[in-house]
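Trainee: I would like to go through this structure term by term. Please show it first, and then I will ask what stands behind each label.

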Amino acid sequence: MAVALKPLIEIRLPAKPSFTLADFNALPEGPPDYEFDGGKLIAMPRPHPRHQAILRELTAELAVYLRTHRIGTCWPEVDVELSRRRVYVPDLTFLARERRDIYSESRGRIMGAPDLVVDILSPASASRDRIVKFNAYREAGVSWYWLIDSQSLAIEEYALTPQGYLAVTRVGAGEAFRPQLFPELAIDLAALLGEAVEPGEELSEEDAAAE
């Protein structure tokens, strides 16, 4: 049985037509947590434990890879200021070593477009991730975007081209994901989560929700 999640909530300050970046920066540290998008605060619901399990395993895999290859740094749930009108908090972000200077240590925020953004889709966030954020990351110049379905464990990899994002890879549960950005890395989320399935077979929503 699928688990119902709270929908995303858009909040406006009644006395003002919109928020500014300064208003957003002045908010106290959460929870609750927000993203900033075009003058609006987007309240982020607490993630489901399955979402967090996927993020934990993926972060650990990338951390091991990056300790060996030393090509950059990844962060889970770090603020990314794409512009003065957009501050998002992707599930996972990667910044190449030669671009490390756009990370502000004092603010704990990436100031510009990272090299990779990863979002883990939930029923509550999927449409915004696939449409609003997809287009925002493309406009900002994020080179790689991964979308991971938290229910089926399918992974989609998009590469930025002059024509926009190009879907370059899609794998299902039980298949190894070999991202073009990280040669020699292979990620099998189902195996990492202890949900081994036959190649080509994706987890049903009922099986995923039961985990």
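Mentor: What follows is a set of questions about labels, each answered from a value and a definition.

Mentor: This is a predicted model, in which local features need pLDDT of at least 70, side-chain atom pairs count only at pLDDT 80 or more, and totals for chains, interfaces and linings use all residues. Residues are numbered from 1 along each chain as its sequence is written, and side-chain values use heavy atoms, with hydrogens and water left out.

Trainee: How do you know where confidence is lowest and where it is highest in the chain?

Mentor: By pLDDT, the predictor's confidence in each residue, from 0 to 100. Helix 5 (residues 205-210) has the lowest mean, 47, and strand 7 the highest, 98. The chain averages 87, and 84% of the residues score at least 70. Residues 1-9 have a pLDDT below 50, although this stretch has 23 contacts in the model beyond near neighbours in sequence. Helices (H or I, at least four residues) and strands (E, at least two) are DSSP runs, numbered from the N terminus.

Trainee: Why is Leu 95 called buried?

Mentor: Buried means under 20% relative accessible area, exposed over 50%, and partly exposed in between, using a 1.4 Å probe and protein chains only. Leu 95 is at 0%, so the residue counts as buried. Leu 95 is found in strand 7. The residues that Leu 95 touches include Gly 72, Trp 75, Ile 102 and Pro 114; touching, or contact, means heavy atoms within 4.5 Å.

Trainee: What makes Asp 129 buried or exposed?

Mentor: Asp 129 has a relative accessible area of 4%, so the label is buried. Asp 129 lies in helix 3 and touches, among others, Asp 119, Ile 120, Phe 134 and Tyr 145. Ser 104, in strand 8 (residues 103-104), is buried too, at 15%.

Trainee: What makes a group of residues a nonpolar core?

Mentor: A nonpolar core is a set of buried Ala, Val, Leu, Ile, Met, Phe, Trp, Tyr and Cys residues joined through side-chain atoms within 4.5 Å. The largest one here has 29 residues, and Ile 148 and Phe 182 have the most contacts inside it. Helix 2 (49-69), strand 7 (92-96) and strand 10 (116-121) are among the elements that each supply at least two residues of this core. Helix 2 gives the most, with 7 residues. Phe 182 touches residues including Leu 62, Tyr 65, Phe 94 and Trp 146. A second, separate core of 20 residues includes Val 80, Tyr 103, Phe 134 and Tyr 158.

Trainee: How do you know that strand 7 and strand 10 pair?

Mentor: Two strands pair if DSSP finds at least two bridges between them. Strand 7 and strand 10 are joined by 3 bridges and run antiparallel, so they meet the rule. One of the residues concerned is Phe 94, whose bridge partner in strand 10 is Leu 116. Strand 2 (residues 33-37) and strand 3 (residues 40-44) are joined by 5 bridges, also antiparallel.

Trainee: Why are strand 4 and strand 13 said to stand at the edges?

Mentor: The open sheet of 6 strands has the order 4-7-10-11-12-13, with mixed pairing. Strand 4 (72-76) and strand 13 (164-171) each have a single partner strand, so one side of each is left without a neighbour in the sheet.

Trainee: What makes Phe 134 and Tyr 145 a tilted pair?

Mentor: Rings of Phe, Tyr and Trp (its six-membered ring) pair if their centres lie within 6.5 Å; planes under 30 degrees apart count as stacked, over 60 as edge-to-face and the rest as tilted. By this rule the count comes to 13 aromatic pairs. The centres of Phe 134 and Tyr 145 are 6.1 Å apart and their planes stand at 55°, so this pair is tilted. Phe 134 lies in helix 3 and Tyr 145 in strand 11, so the pair ties together parts that are 11 residues apart in sequence.

Trainee: Which residues do ring pairs link into a cluster?

Mentor: The cluster consists of Tyr 88, Phe 134, Tyr 137, Tyr 145, Tyr 158 and Tyr 165. Tyr 158 and Tyr 165 form a tilted pair, at 6.4 Å centre to centre and 55° between the planes.

Technical notes: Lists of a residue's contacts leave out its neighbours within four places in sequence.
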